[in-house]
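Here are some exercises to work through with the structure open beside you.

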Amino acid sequence: MSEEIVQLTIDDVEVEVEKGTSILEAALKVGIEIPSLCYLKEINEIGACRVCLVEVEGVKALQASCVYPITQPIKVYTSTERVRKARKRAVELLLSEHDRECTVCIRNLNCELQNVADNLGIRNLRVTGESKNYPIQMDNPFIMRDYNKCISCRRCEAICSKIQEVHVYSAQRRGLNTVIAPAFMRDLGSTNCITCGQCVIACPTASLVEKEAIEDVWAALEDKDKYVVVQTAPSIQVTLGEIFGMETGTIVTGKMVAALRRLGFKKVFPTDLSADLTIMEEAHELIERLQGHGKLPLMSSCCPAWVKFAEHFYPQLLEHLSSCKSPHEMFGALIKTYYAKKEGLDPKKIVSVAVMPCTAKKYEASRPEMGWDGYKDIDYVITTRELGRMIRQAGIHFRNLADEPFDMPFGVSSGAGAIFGATGGVIEAAVRSAYAILNNRNKEMGLIDFEELRGQSGVKEAMVDLGKKKIKVAIAHGTGNARIILDRILNGEHYDYIEIMGCPGGCVGGGGQPILGGRDHKRISLDYRHNRADALYKIDMHSQLRQSHDNPDVRKLYEEFLGEPLGEMSKKLLHTTYTPRGLYFNLLK
Amino acid sequence: MQLKEKPVYKEIDAVIEKYNKPGGLIRILQKVQDMYGYLSEDVQIYIADRLKLPISEVNGVVTFYSLFSTKPKGKYTIGVCLGTACYVKGANDILKKIKDELKINEDETTEDGLFTLRATRCIGACGLAPVITVGDDVHGRINPGEVPKILSKYREKDVDTNIKNKDKVSCFRVAEYIKE
């Protein structure tokens, strides 16, 4: 790589950049934010929206700054009359065919198109486009697609193809009729979509949004006959605060619990507890497989987007997946059995709600495997964003809430459960317990922090010493990265234990997390994933309990109800099966 | 595990074998369309599977080029040139007359399977404006009044053949069972 430095001026300010840097990125260096809509750094640099136009001295036409590489000393002007007019026109044309129902739109006040229009000072539209009137596609439990709000920026396509490598979307048809859509413009529910929701996070408008379950949850809370229980995934406590203007990475566990109680939930439990339970089951499964029963590597199954990815793209590897349900489904199963019995509740009257960082969990809850005897493990899944909206609807001053603890008997969880929300966390938690179990629960082992398993690099590999045995583990997040490891396995490389999370960064980067786009954050950034993950490791660090098997609530569960890990009751309630779905022929009508 | 029927199109396999190289997708689609008259969803899925390409990409290419059709086409495709010269010379009136005569809109096929109507960009025969094509024939300098006469010529040609129920190419479809 050449590291040649080029000098240029942007609006008469001198700046030095590496040769090949785009004008848009160079401008950021001198504190000028050139507006844009389609641009996602290193993911989608296609110059499609024509909003980032600038004037380059000596070049006749205005240039899209996101795709103009600086190779020689040039003079750039980013805010001339001509530039402002051209940008306005580009956005006006987008607005002219956009379904501008801003006041009732789910992205109202957090919409990049709205912000750009505001920043450019567009006050009237000189042109009226044809309204497209496409029906909204929502024939699935996780993501809605509204083509009438699509601005064809292709960010969903870029994320889905380049980061996730699922290739659901591409440009269909052409000219004014172009849509960025799945093949045959099918509903996402009848495609190979893995339901991760990364496209929802990437969408600058409300063309892609989660399918809300808020109204159903309100209705359940209103129903005097129902007993509504809620659980929150480990990552919610480090992201919910962002919705209320708090810094990324702020830990709001106590406020979150307080807010949920005020909303009317009878009991508030941490999914972290069932993450501990998952570890008990999965660590034993790992040990079993290491002892020659079952296929190696064992692959984690906590992430429903990864599970669906495997079912579509790597059906030959399904036997490697842990049979463990994901933590929230395990919890759901326990609430309507163990907890109902303990508290003398009729399971039919229990409504089980899960707050998840995730659109895939919405899909997972709808899988027919996730229930028994006619009961659904989980009735409704809402995302972090939806919870934020409910708190706002109720007018609760979130930032001023006093901290409250989770409810018993599931209120205790270990630090190992908390780090489930970050990439590498599941393996680290499982390894902590597997080590202890294999070495007769030696508390003095001094092996708790596995730094090499942490961090945001896409694929991580490590040898982990379990005392009697060294095992090779690998971690990937983002299904595109998962392919790297999976293809190595298919080529004969040996691993013992693999963790895969569907979203970049794991659950802290989940498709249901707050969208920090808009005026301040226009690109998907590594920074906030870092901060959110760091917060989880902080929770772990400060936990008195750092290992799942030490959790007294989990022990009690086994004593009173489940028997032993991988026992009969566990198998019935906590484990599941998978379905090879095929790559193409499942699409045949 | 369930067994699901997986179709095998031997004729498509032969085309793919011949043209399967980087950049070969359009050629393959073209040849397959020549065989079947159009590219059905099933056929697109089959080609994507065989070429190991995302189906979204294959469908994107198919819907981008006006050359490709995703609906069955009639025996004759009528192309009405709407290029500048033809347009000035009244191509729109001719298009309207054809629509009235055949009782179909653009990109539709008549019930008897005889005609498909297309509006096209300039076909490069401006000297004959306004111009239409029917199948491989070119009809130039026409006026709306002549449309019925032109159409009936093609109708008479096919008076004895029952186009509607006649497949253009027999599709050789073999069921091969796959584990789903």
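This is a predicted model: local features need pLDDT of at least 70, side-chain atom pairs count only at pLDDT 80 or more; totals for chains, interfaces and linings use all residues.

**Exercise 1. Get an overview of chain B: how many helices and strands does chain B have, and in what pattern do they follow along the sequence?**

Step 1. Count the elements: chain B has seven helices and six strands.

Step 2. Now read along the sequence, and you get β-α-α-α-α-β-α-α-β-β-β-α-β.

Step 3. Chain B has 180 residues, and 42% of them count as buried.

Step 4. Finish with the contacts. Take those in chain B between residues at least 6 apart in sequence: 68% of them join residues at least 24 apart.

**Exercise 2. Find the buried residues of helix α1 of chain B and work out where they sit around the axis.**

Step 1. Go through residues 10-19 of chain B, the span of α1(B), and pick out the buried ones: I12(B), V15(B), I16(B) and Y19(B).

Step 2. Look down the helix. These four residues span an arc of only 100° around the axis, so they lie on the same side of α1(B).

Step 3. Recall a bit of helix geometry: an α-helix has 3.6 residues a turn, so residues three or four places apart point the same way.

Step 4. Check the other side of α1(B), where E17(B) and K18(B) are exposed.

**Exercise 3. Describe how α1(B) packs on helix α2 of chain B.**

Step 1. Start with the geometry. The axes of α1(B) and α2(B) (residues 25-36) are 10 Å apart, and the packing angle is about 150°.

Step 2. List the partners. From α1(B) come E11(B), I12(B), V15(B), I16(B) and Y19(B), and they meet R27(B), I28(B), K31(B), V32(B), M35(B) and Y36(B) of α2(B).

Step 3. Sort the residues of this α1(B)–α2(B) contact by class: eight are nonpolar, none polar and three charged.

**Exercise 4. Switch to chain A and characterise the packing of helices α8 and α13.**

Step 1. The axes of α8(A) (residues 253-263) and α13(A) (residues 384-393) come within 10 Å and cross at roughly 60°.

Step 2. So α8(A) and α13(A) are oblique to each other, and α8(A) passes α13(A) in a left-handed crossing.

Step 3. The residues that meet are A259(A), L260(A) and L263(A) from α8(A), with L387(A), M390(A) and I391(A) from α13(A).

Step 4. Classify the contact of α8(A) with α13(A): six nonpolar residues, no polar and no charged ones.

**Exercise 5. Decide whether L536(A) is buried or exposed, and find what surrounds this residue.**

Step 1. Locate L536(A) in helix α17 of chain A, residues 526-542.

Step 2. The relative accessibility of L536(A) is 0%, so this leucine counts as buried.

Step 3. Beyond neighbours within four places in sequence, the contacts of L536(A) include P234(A), V238(A), A418(A) and V508(A).

Step 4. G421(A) is another one of these contacts. L536(A) and G421(A) are 115 residues apart along the chain, yet their C-alpha atoms are separated by 7.3 Å.

**Exercise 6. Run the check on R483(A): buried or exposed?**

Step 1. R483(A) belongs to helix α16 of chain A, residues 479-490.

Step 2. Buried means under 20% relative accessible area. R483(A) has 18%, so this arginine is buried.

Step 3. Leaving out residues up to four places away in sequence, R483(A) touches E165(A), F309(A), F313(A) and Y314(A).

Terms used. Residues are numbered from 1 along each chain as its sequence is written. Chains are lettered from A and ligands numbered from 1 in the order in which they are written. Side-chain values use heavy atoms; hydrogens and water are left out. Buried means under 20% relative accessible area, exposed over 50%, partly exposed in between (1.4 Å probe, protein chains only). Helices (H or I, at least four residues) and strands (E, at least two) are DSSP runs, numbered from the N terminus. The arc is that of the directions from the helix axis to the C-beta atoms. Axes are lines fitted to C-alpha atoms, for helices over the stretch in contact, and angles run from 0 to 180 degrees between N-to-C directions. Contact means heavy atoms within 4.5 Å. Ala, Val, Leu, Ile, Met, Phe, Trp, Tyr, Cys and Pro count as nonpolar, Asp, Glu, Lys and Arg as charged, and the others, Gly among them, as polar. Angles under 35 degrees count as roughly parallel, over 145 as roughly antiparallel, 65 to 115 as roughly perpendicular and the rest as oblique. A crossing is left-handed if the near helix is turned anticlockwise from the far one by less than a right angle, and right-handed if clockwise.
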